[in-house]
Amino acid sequence: MDSQDVKSDLVLILDYGSQYTHLITRRIRQLSVYSLCLNGTASLESIRKENPKVIILSGGPHSVHAPQAPCFPSGFIEYVESEKIPVLGICYGLQLLVQRLGGQVSIGEKQEYGRMEIEVQKACGLFGNRKVGDKQVVWMSHGDEAVNLPQGFEVAARSQQGAVAAVEDNKRRFYGFQYHPEVTHTHEGMETLQHFLFDVCGVSAEWKMEDVLEQEIKAIQEKVRLEDHVICALSGGVDSTVAATLVHKAIGDRLHCVFVDNGLLRYKERERVMETFERDLHLPVTCVDATEQFLSQLKGVVDPEMKRKIIGKEFINIFDAFAHDLEQKFGKRPAYLVQGTLYPDVIESCPPPGTQSTHSHTIKSHHNVGGLPKNMKLKLIEPLKLLFKDEVRALGSILNVPEAFLKRHPFPGPGLAVRVLGDVTQGNALDILRQVDEIFIQSIKDAGIYDKIWQAFAVFLPIRSVGVQGDQRTHSHVVALRAVTSQDGMTADWYNFEHNFLDDVARKICNSVRGINRVVQDITSKPPSTIEWE
Ligand code: XMP
């Protein structure tokens, strides 16, 4: 599905590198309005192609005075004015608007970071029915400040320090917030965005999962010709399962699924997943045991990025071989590969074109995006690539994918390879990790808290510590337990277990898993950590 296929008003976000850009997208979609991000320096042609109803200029780490400060393309102002498209600048976006429309932005006079209070200066504008003098708590993060506004602009709110906090020019339809309405620390942020989109801009709330499904099926049927065959790698996770079920609905038995046991799966995962695919989903799945192939390639490799690249490459080799077998059977090579790539994978893995340092840096090569070899013979079908995780779950529910599948915690493509730190083939690390992970997850399920947690897992640390077990000195391995809450995996908080629960789990692990004498808990959020350890 391309964004142009969506039958809904589009709010287009031009991204200038703020860590909150994706959050603006999500907030708008939560209001049932379709929203997408483009690089802030995208060409006028690509902006025009999206036919946006509203454009938002995001925040970013730059100063508008920097020589390389990213900016919308030339002709942009003329375009939005002639099409009467409202433009909202947030933080850097506001400063960009002010500066490019003839106002003045000063460098760092009044730096404002964190929780601040703003006061409404103008009734019946950006703040709806709020009265002049009403106060709100907002989240700010800026050094530069708008000091002279372009002609026609009015101050809609000021900060407690007297700095411009919101501006509007209703005639030309330019608006701006010097704070972040998209973060939860801004108490009335959602109401403000809602008022802006529906009352100020007249956007309609039409973004529905049923439409997404219908459009997606249509797009796949148009793309895949009747004689084409399609393959799909099923991991047993939510994303690939929903993607496969959707494609199966679109093209039926021309879809051929493969489940790869790469030796990096969790305890009894292969048996459990295969049983569910066959029993509940009736998807045609071939199981390939490629344990040897993966582990021999990974032997001695300690660099996390290298591991991810190797795994990505081996997956593709297997899909190629699977495609070859199908070619023998049907006399025609499959043309497409289905992947459950999500929107956050796309945002985090690809630095936007034409930019290096201006945007969020590449964090990890998610194997399903960053590690694909250039000479891959299969074309991709990525039916979920414009969706966030909770949206995929909603789609799965419409497709009758069993609840148990939809609620499964995410599991990374490179599997336990990113949870055994260092060489995955060291000793019996994988076996130990599987046992520990199973005890941890089962305990979480027994405690009735599985659904409160975004993701929980154990990590095998490549160190030994001294312990005492049965009056004997031991020099054994250490495992870390990680559990986080999150909305979409982009940011996360560590989950605060009851002490008794942790005590119980640690005891169970040390008493029943040979080779472990110490259990630690990871209590970092994302950022600064990532969810996985590698
Ligand atoms: P990080 O560790 O980047 O993870 O904070 C965010 C979410 O993505 C999952 N993850 C992956 N998923 N292929 C995937 O399909 C990958 O290579 C990969 N790496 C991380 C991770 O489990 C978490 O849910």
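Which residue follows helix 8, and is its phi positive or negative? Helix 8 is followed by H282, which has a positive phi near 50°. The model discussed here is predicted.

**Helix 8**

Helix 8 runs over residues 269-281, and its 13 residues should span 18 Å at 1.5 Å a residue. The C-alpha atoms at its ends lie 17 Å apart, in agreement with that expectation. Buried positions in helix 8 are E269, V273, M274, T276, F277 and L281. These residues lie on the same side of helix 8, because they cover an arc of only 160° around the axis. Their packing partners are strand 12 (230-234), helix 7, strand 13 (255-261), strand 14 (285-289) and helix 13 (403-406).

In an unreviewed UniProt entry, the annotation "binding site" covers S235, G236, G237, V238, D239, S240 and T241. From this set, S235, G236 and G237 belong to the lining of the second largest cavity.

V238 belongs to helix 7, which comprises residues 238-251, and D239 is found in helix 7 as well. Buried is taken as under 20% relative accessible area. V238 therefore counts as buried, at 5% relative accessibility. D239 is likewise buried, with a relative accessible area of 16%.

When residues up to four places away in sequence are not counted, V238 touches K389, V392, R393, F405, L406 and R408. With such sequence neighbours again left out, D239 touches G340, L342, L384, K389 and V392.

**Domains**

The protein chain is divided into domain 1 (3-200), domain 2 (209-406) and domain 3 (419-521). The centres of domain 2 and domain 3, taken over C-alpha atoms, are separated by 28 Å. In the contact of these two domains, 19 residues come from domain 2 and 13 residues from domain 3.

**Backbone features**

Positive phi values in residues other than glycine include those of N51 and R173. N51 is placed in the loop between helix 2 (44-50) and strand 3 (54-57). This residue is exposed, since the relative accessible area of N51 is 61% and the cut-off for exposed is over 50%. R173 lies in the loop between strand 10 (164-169) and strand 11 (174-177). With a relative accessible area of 22%, R173 is partly exposed.

| Residue | Phi |
|---|---|
| N51 | near 50° |
| R173 | near 65° |
| H282 | near 50° |

Cis peptide bonds are found in the segment that holds P527 and P528. The bond from K526 to P527 is cis, with omega near -10°. A cis peptide bond also joins P527 and P528, where omega is about 10°. P527 lies in the segment after strand 20 (516-521), and P528 is found in the segment after strand 20 too.

Note on methods. Residues numbered from 1 in each chain as written. Predicted model: local features only at pLDDT ≥ 70, side-chain atom pairs only at ≥ 80, totals over all residues. Heavy atoms only, no water. UniProt positions renumbered as here; feature names shortened; annotations may be inferred. 1 Å grid on protein atoms, 1.4 Å probe; cavity = no way out; pocket = protein on both sides within 12 Å on 5 of 7 lines; lining within 4 Å. Helix = DSSP H or I, 4+ residues; strand = E, 2+ residues; numbered from the N terminus. Buried < 20%, exposed > 50% of the residue type's maximum accessible area, 1.4 Å probe, protein only. Contact = heavy atoms within 4.5 Å. Expected span 1.5 Å × (residues − 1). Arc of directions from axis to C-beta. Domains from an automatic or database assignment.
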